[in-house]
Amino acid sequence: MQANDCSNKVGTRFISSHLSKFIVSALFLCLTFLSNDGNSQNFTLGDLQNLALPMQGSKISTSSAKSPNVDPRKVNATANAKSSSDSLKAKATGSVVSAADSASAAYKKKIFGINMFNNPNITFESSLNIPTPKNYILGAGDELVIDINGYSEEHYTLPITPEGYVKIAKVGNVFVSGISIEEAKKRIIDRLSKIYVGLRPYGGAPANTTATISLGSIKTIRVSVLGDVVAPGTYSISSLSRVMNALYLSGGPNENGTFREIRVIRDRKLIAQLDLYDLLTTGNLRQNVGLHDQDIIQVGSYKSRVEIIGEVKKPAVFETLPSESLEKIINEYANGFTPMAYKSVLKVQRITEKDSKLIDLSNDLLSSFYPKAGDVITVEKVLMNRIENAVTLEGAVFRPGKFSINDSPTLTKLIKRADSFREDAFLGRISIVRLRDDLTKENISVNYNDILSGKSPDIALHREDIVTVYSVVELMEKYTVRIQGEINLKEDAPLTSAIEKGSTAVSETPGENPNNESPIGTFPFLHNMTVEDLVEKAGGLKESAATGRIEVIRRKKNIGKDDPSQITSTIGERFNFAINSNLSIDPSASKFILEPFDEVFVRSSPNYEKQQFISIEGQVTFPGVYGLERKNERISEVITRAGGLNAQAYPKGATLVRKFKISKQEADRKSEQMSELSDNTTEASVKVKSVKEETSESIGIDLVKALEQPNSSADMLLQDGDIIKIPKEPQTVRMQGEVLYPTSTRYVESLPFKHYISEAGGFTELSSRKRSYIIYANGSVDRTRKFLGLINIYPKVQPGSEIVVPSLNIRQGASQQALQTIQTLTMGLTSVATLFALIRTFK
């Protein structure tokens with residue numbers, strides 16, 4: 001029984017303990033819900049009469065009671081305070097927010113005054129280094145400092161006890177709690193004067209002792225901030241704090257909180273109501289009262305907000321009172337219009353029961369217009385691209401631009417304002433483009449000479465007219481002349497940028513041209529310009545120029561002859577003449593005057609040639625570079641000039657390396673032909689190399705015959721850039737391609753082609769034997785031939801030869817493998833038949 005009783009007691013304690021925890025948790029959740037729900041914070045005074053707040057720390061304080069100067073918002077680390085952070089703080093810490101949070105953050109950012117509590121450069125912390133206010137109410141936790149000076153000297157530091165007394169030695173307890181510090185001074189001095197006689201006048205003598213009473217340490221009070229604030233709760237703050245200090249600690253009103261009606265409740269009575277717009281607009285806060293212990297600051301929800309966007313100095317979302325007109329809101333809260341504002345009509349978008357509507361509000365109605373909740377007022381810009389009294393003048397005047405028609409209402413006055421015409425102005429036709437009443441444009445042509453002479457009246461200008469004065473030079477075709485050929489065209493000379501119809505050549509840069517194309521210079525036409533003048537502008541003549549044969553091609557100009565019967569086949573006139581080579585002005589100079597669009601050609605002298613060079617390398621007596629004396633100089637002649645061959649020379653291996661240069665179009669055509677050849681070849685594989693515009697190739701020459709028979713077909717003519725290479729006698733033969741072991745071997749005279757194939761291990765299964773060939777030391781090539789279509793006749797091997805065996809293609813390789821298989825089967829069947837015949841014979 002005792003055991004059962006004991007277990008019942010333990011169970012009862014366990015249940016009651018958990019039940020109490022559950023009740024406490026439920027109360028905590030209710031309080032949290034009340035602190036976070038914006039609709040539950042609109043308490044009335046009647047509701048607050050039944051609200052009992054805990055006297056001790058039922059909510060976690062955001063500051064320490066021992067350190068009232070510590071910022072409570074930095075100390076607070078509870079989950080409740082963190083969860084009440086708005087979306088702006090979430091963005092600042094880099095957390096991911098939803099689209100709704102982003103929209104809420106953007107809206108909150110526009111609320112007028114919201115940054116006052118989020119700006120780290122603004123603080124409302126109370127200062128303790130101030131004189132003690134005379135109306136300061138003393139209480140438990142305060143400390144009084146008493147200094148007695150004069151005839152008597154004494155110092156007291158007296159804390160106020162929880163019962164409200166200060167204990168003074170030799171005087172006793174003095175009750176000071178709940179009274180102002182001034183009243184406390186009177187009480188204490190009255191009690192001290194009984195033991196310090198000098199504190200009061202005595203016997204007609206003045207007091208010779210003074211007593212100074214001040215605050216030492218001050219008490220900490222607890223204040224509750226409720227409603228629509230960022231972090232509602234109970235805060236421990238200095239007793240010198242005011243309403244703004246507590247609001248700052250709580251983060252200020254949130255996106256739903258009011259700035260206009262912040263209430264301070266003490267002992268269930270409303271003692272102050274703050275309007276933060278006073279602080280934001282005037283810098284004063286009349287109701288920023290001092291706080292007492294257990295005071296309540298209630299921040300309700302806003303009642304009406306309007307948004308002003310556009311051309312005001314401080315566009316924002318403003319909280320309005322019913323008595324505030326739009327004029328007051330713009331002038332006092334939005335700081336007035338900007339200079340760019342269009343004030344005549346403001347756009348007001350208002351929310352109705354079903355949708356929204358637009359109101360055009362005249363500027364003279366601002367003082368009598370009282371906006372409603374949700375209104376969006378837009379102040380637009382004035383039209384900067386449209387001037388109400390301006391005309392535009394452009395063209396051949398000294399000062400084109402926009403001008404006021406107030407000062408220049410006529411065309412003649414406008415021209416004077418622009419400092420008159422330029423020298424090239426065409427006065428016979430001035431164009432005026434005018435906007436008509438139906439918003440279409442019309443053109444008005446004016447002869448200014450007639451206005452000057454009085455034949456025509458002056459033209460009155462209208463708003464937005466565009467007056468254009470044309471230039472004579474611009475109305476004329478741009479006359480040019482061109483020159484090309486053997487001219488020393490300057491680097492900065494104007495060049496033809498593209499191929500023009502009828503031109504013969506185009507050069508991108510002056511000077512040397514790799515394609516032997518003549519540089520072309522295009523120059524402005526000048527009257528009385530001669531060919532010598534044009535040559536001088538182009539940079540002078542080259543050394544190769546043939547001054548005795550200058551050719552000019554002139555356009556055919558049948559001006560005024562529009563009769564079709566007079567059309568001929570002539571398209572130009574040609575002139576040939578000589579000019580003075582030194583371009584001096586003397587009797588030998590040409591008198592040929594150029595006309596617009598003339599084409600001048602300076603030909604090259606037929607006997608002019610630049611030096612040409614060839615090189616001889618290898619086994620000659622004097623190898624090196626040699627200049628050609630004649631256009632028809634041959635190999636044997638240059639070898640003789642080089643001292644002939646030395647004892648180590650192998651003339652059969654001599655090669656000629658020649659540079660070939662073709663145009664890009666020809667290179668592309670050859671590449672296409674080689675690709676088609678490769679695609680059409682089925683019997684053997686063909687390797688196609690890319691065709692380049694400039695290449696060097698080795699030509700197999702017969703130097704032995706060229707030296708033995710000069711001027712023969714073997715004794716080739718030389719060209720500029722040729723290289724003759726004469727090697728030493730080689731001693732090897734190289735085998736490559738489809739052989740089992742590509743290698744090089746010693747040359748043995750009179751041994752056949754197949755001997756060297758055997759040295760390389762023989763042919764492979766993919767060898768195309770009938771297409772084998774030899775590259776000789778001089779670069780010439782000899783191929784394998786067929787005798788009667790059955791027997792391969794291989795070429796002769798010489799020292800330094802390179803034997804190449806190409807490979808079969810896939811189809812040919814498969815056919816060869818099938819043939820070998822058939823041959824193997826045939827030989828096997830023949831062997832079996834022979835064996836059976838022998839067996840029968842023995843039987």
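## Burial and the model

A residue counts as buried when its relative accessible area is under 20%, as exposed when that area is over 50%, and as partly exposed in between. The model discussed here is predicted, and the burial labels below follow these cut-offs.

## Aromatic pairs

The count of aromatic pairs comes to 12. One of them joins Phe112 and Tyr277, whose ring centres lie 5.0 Å apart with the planes at 90°, so the pair is edge-to-face. This pair links distant parts of the chain, since Phe112 sits in the loop between helix 6 (99-110) and strand 1 (143-150) while Tyr277 belongs to helix 9 (residues 276-282), 165 residues apart. Phe112 has a relative accessibility of 6% and therefore counts as buried, and Tyr277, with a relative accessible area of 1%, is buried as well.

A stacked arrangement is found for Phe318 and Tyr333, with ring centres 6.4 Å apart and planes at 25°. Phe318 lies in strand 12 (residues 316-319) and Tyr333 in helix 10 (residues 326-333), 15 residues apart. Phe318 is buried at a relative accessible area of 0%, and Tyr333 counts as buried at 4%. Ring pairs link Phe112, Tyr277, Phe318 and Tyr333 into a cluster.

## Salt bridges

A search of the whole structure finds 27 salt bridges. Among them is the one between Asp375 and Arg350, in which the closest N and O atoms are 2.8 Å apart. Asp375 lies in the loop between strand 14 (356-362) and strand 15 (376-379), and Arg350 lies in strand 13 (residues 345-351), so the pair ties together parts that are 25 residues apart in sequence. Both of these residues, Asp375 and Arg350, are buried.

Arg554 and Asp598 also meet in a salt bridge, with an N to O distance of 2.8 Å. Because Arg554 is in strand 23 (residues 545-555) and Asp598 in the loop between strand 24 (572-577) and strand 25 (599-604), this contact ties together parts that are 44 residues apart in sequence. Arg554 and Asp598 are both buried. In the salt bridge of Glu633 with Arg641, at 2.8 Å from N to O, Glu633 counts as buried at 2% relative accessibility, whereas Arg641 is partly exposed at 33%. Elsewhere, salt bridges that share partners join Arg260, Asp275, Glu324 and Lys328 into one network.

## Charges over rings

Arg305 lies over the face of Tyr302, at 3.9 Å from the ring centre. Arg555 is placed over the face of Phe597, at 3.9 Å from the ring centre.

Notes:
Residues numbered from 1 in each chain as written. Predicted model: local features only at pLDDT ≥ 70, side-chain atom pairs only at ≥ 80, totals over all residues. Heavy atoms only, no water. Salt bridge = Lys/Arg side-chain N within 4 Å of Asp/Glu carboxyl O. Helix = DSSP H or I, 4+ residues; strand = E, 2+ residues; numbered from the N terminus. Buried < 20%, exposed > 50% of the residue type's maximum accessible area, 1.4 Å probe, protein only. Phe/Tyr/Trp six-rings, centres within 6.5 Å; stacked < 30°, edge-to-face > 60°. Lys NZ or Arg CZ within 6 Å of the ring centre and 35° of its normal.
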